[in-house]
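Please consider the model shown below.

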Amino acid sequence: MALTEAGQRFFERCVATVEGAQAAYDSVAELRREPAGLVRLSSPVLLTQRCLAHALPGYMKVNPKVSVFIEATDRTVNVIEERFDIAIRAKSEIEDVAGLIAKTLGDSQRVLVVSPAFLDRYGRPENPADLPKFDTVASIDDIFDSGARWSLINLDERTAPIELKPRLVSSDLRVRLQAAVHGIGIALLPEQVISAPLKEGLVERVLPEWSGARNILHLVYPTPRGMLPSVRSLIDYLLIHVPAWLRERGI
C-alpha cells in the first residue's frame with residue numbers, strides 16, 4: 001500500500017498542524033512556569049510619573065522575560081473590555097464590579113496650599129466661606145456650571161461645599177502646583193504632590209484643618225483563576241512599592 005499524492009499532502013499538513021499545536025501548548029506552559037509575556041497596566045498620570053517611573057525598572061530587571069504596557073490616564077478604564085491585566089485607581093470609594101478583585105494600596109487627600117508671599121499680600125482665610133474672596137486654582141473636575149466647587153471636610157467630619165470662580169483651571173497637576181508656588185491662587189492638591197514643596201517652604205497650607213475628600217488608591221484586576229505568573233508577580237510588586245511611596249510622601 002502507498003499513499004496517493006493527495007494523501008501525502010494531507011499527511012504533511014496534519015503533521016504540521018500537530019507540531020504547531022504542541023508548540024503553542026509548550027509556549028503557554030512556559031508562561032505558566034515563570035513570569036513572561038506582556039502585562040497591560042493602567043495607572044493615574046501622577047502615580048505613573050512620580051512612582052511607577054522609578055519603581056518599574058527594578059521589577060523588570062528581576063523579571064527579564066516580562067514586557068509591560070502602561071497607559072497613564074486619569075480616566076476609569078474598562079479592565080475587561082479594554083483587556084487590561086491591572087488597573088490602578090484613585091476614588092473616594094472602591095466600586096464593587098462583577099468579575100474584578102480590588103486591593104487597597106493606601107489613601108491620599110487633597111489639601112489647600114499657596115505660596116507664603118500670596119498669604120502675606122492678601123491675608124489668610126479664616127474659614128472655608130472666605131475662600132471665594134481669594135484667587136483660586138481649580139481642576140477641570142471641579143468645574144460646575146459657570147464656576148467651580150470644592151467639597152471640603154474637616155477633622156470633625158463636617159463638610160463645606162464651596163463655590164468658586166477660579167482664576168486658573170487646568171487638568172494638569174504640575175500646572176496647578178506651579179500656579180500655587182508662584183502665587184496665582186490657592187490650589188487644592190494631592191498631598192503627594194505638595195509634600196516636597198511644603199517642606200521646602202515654597203507653599204504653605206491654608207485652613208489646615210480642612211481638606212478635600214480622601215481618595216482610596218487601589219488596584220483592580222480580573223478574578224485570579226488562571227492568572228499568569230507575570231501578572232501575579234507585578235501585582236505583588238505593586239502591593240509593596242506603591243504603599244511605601246504613599247507613606248514617604250504623606251504629610
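Two strands are said to pair if DSSP finds at least two bridges between them. Helices (H or I, at least four residues) and strands (E, at least two) are DSSP runs, numbered from the N terminus. The model is predicted: local features need pLDDT of at least 70, side-chain atom pairs count only at pLDDT 80 or more, and totals for chains, interfaces and linings use all residues. Residues are numbered from 1 along each chain as its sequence is written, and side-chain values use heavy atoms, with hydrogens and water left out.

Five strands make up an open sheet of mixed pairing, in the order E2-E1-E3-E14-E4. Its edges are strand E2 (66-72) and strand E4 (100-108), each of which pairs on one side only. On average, neighbouring strands of this sheet are turned by 20 degrees against each other, direction ignored. E4 and E14 run antiparallel and are joined by eight bridges; Ala102 has Val220 in E14 as its bridge partner.

Two helices may be described against this sheet. Contact here means heavy atoms within 4.5 Å; axes are lines fitted to C-alpha atoms, for helices over the stretch in contact, and angles run from 0 to 180 degrees between N-to-C directions. H2 lies across E1, E2, E3 and E14, and runs at about 175 degrees to E2. H6 packs on the sheet as well, touching E1, E2, E3, E4 and E14, and its direction makes about 20 degrees with that of E4.

A nonpolar core is a set of buried Ala, Val, Leu, Ile, Met, Phe, Trp, Tyr and Cys residues joined through side-chain atoms within 4.5 Å. Buried means under 20% relative accessible area, exposed over 50%, and partly exposed in between (1.4 Å probe, protein chains only). In soluble globular proteins, nonpolar side chains tend to be buried together. The largest core has 23 residues, of which Leu52, Ile86, Ile88, Leu219, Leu238 and Val242 touch the most other members. Two or more residues each come from strand E1 (37-43), helix H2 (45-62), strand E3 (86-91), strand E14 (215-222) and helix H6 (229-248). H6 provides the largest share, eight residues. A second, separate core of 18 residues includes Val114, Ala148, Ile162 and Leu207.

Gly123 belongs to the loop between helix H3 (116-122) and strand E6 (136-138). Gly123 counts as partly exposed because its relative accessibility is 24%. Its C-alpha atom is separated by 9.1 Å from that of Phe134, eleven residues apart along the chain.
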